[in-house]
Amino acid sequence: MKLVKVFILAAFFCAVSLFSTGIATALDEWIHVDIEPYSNTKLVKHQWWTLAPGDSTLSRLPIGEVGEFEGPDGKVEFQIIDGAIVVFGTNAARWPKAVEDIAIEGQAKFIYFFHATGWEQNGVPSYKFVMNYRDGKKEELELVSGVNSDDWCHDGANLEDDNSVWGWIKKEGGPCGHAGLITTKWKNPRPDIWISTIDIVSLELGSVPIIPAITLGEATLAVEPAQKLAVTWGSLKDSSGL
């Protein structure tokens, strides 16, 4: 019995050492960002750009499910809800100019954005994603029609950015009789630093951005070493009868 307790204690102190040095847990291929608390429009039985009753091609998405969509280098998983985030454009000025503090609290090698716009503003950035790191620094991804974004009814139009593809296209539904969404892959230049939140910011031009989903790739949600330690010590104690 003493030998068992000695072994358990040794394992515990090894765990202390590992967690105190911040060794990362295994990465998940996909972590779906929960956008529901920030969603401000509906996809089903609504025009997403006005919220008025009506039909929309986006209602044909796999609502309430995790779907696989085209990405720039293979399939990407997105969690689809009956909702999305819309930000301001001069063609639909009712929307907020920014939706901020979308909770992430984790590390990620890549972020995949599922998005498009109503209307477009060619040649200049019309909206951006801002990644806010725990150390106070920021990184930004600007979206430009014809480069890494486009009007949702221009589904299949050429995109200059190799990291952006039409992830989903459907040839039915209002108001165009067809529409699509773009998958944009962003490579995080600081993959070892926790991303606290993401902001979606309009640059206040004609494009009206819609973002139905965000997914982290090769990611892990952040857990404080003290929390990990408490779980580990509790498990050791229960198993040993100490």
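This is a predicted model: local features need pLDDT of at least 70, side-chain atom pairs count only at pLDDT 80 or more; totals for chains, interfaces and linings use all residues.
Residues are numbered from 1 along each chain as its sequence is written. Local features need pLDDT of at least 70, side-chain atom pairs count only at pLDDT 80 or more, totals for chains, interfaces and linings use all residues, and side-chain values use heavy atoms, with hydrogens and water left out.

User: In what order do the elements of the protein chain run from the N terminus on?

Analyst: Helices (H or I, at least four residues) and strands (E, at least two) are DSSP runs, numbered from the N terminus. The protein chain has 2 helices and 11 strands. The order is α-β-β-β-β-β-β-β-β-β-β-β-α.

User: Is Ser149 buried or exposed?

Analyst: Ser149 is in the loop between β7 (138-144) and β8 (164-170). Buried means under 20% relative accessible area, exposed over 50% and partly exposed in between, with a 1.4 Å probe and protein chains only. Ser149 has 0% relative accessibility, so Ser149 counts as buried.

User: With the side chain of which residue does the side chain of Ser149 make a polar contact?

Analyst: Contact means heavy atoms within 4.5 Å, and residues that Ser149 touches include His115, Leu159 and Tyr127, not counting residues up to four places away in sequence. A polar contact is a pair of N or O atoms within 3.5 Å; within protein, one must be able to donate a hydrogen and the other to accept it, and residues adjacent in sequence count only if both atoms are side-chain atoms. At 2.6 Å, the partner side chain is that of Tyr127.

User: Why is the pair of Phe113 and Phe129 stacked?

Analyst: Rings of Phe, Tyr and Trp (its six-membered ring) pair if their centres lie within 6.5 Å; planes under 30 degrees apart count as stacked, over 60 as edge-to-face and the rest as tilted. Phe113 is buried at a relative accessible area of 0%, and Phe129 is buried at 0% relative accessibility. The ring centres of Phe113 and Phe129 are 3.9 Å apart, and the pair is stacked because the planes are at 10 degrees.

User: Over the ring of which residue does the charged end of Lys185 sit?

Analyst: A charge sits over a ring if NZ of Lys or CZ of Arg is within 6 Å of the ring centre and within 35 degrees of the ring normal. Ring pairs link Trp30, Phe110 and Tyr112 into a cluster. The charged end of Lys185 is 4.2 Å from the centre of the ring of Phe110.
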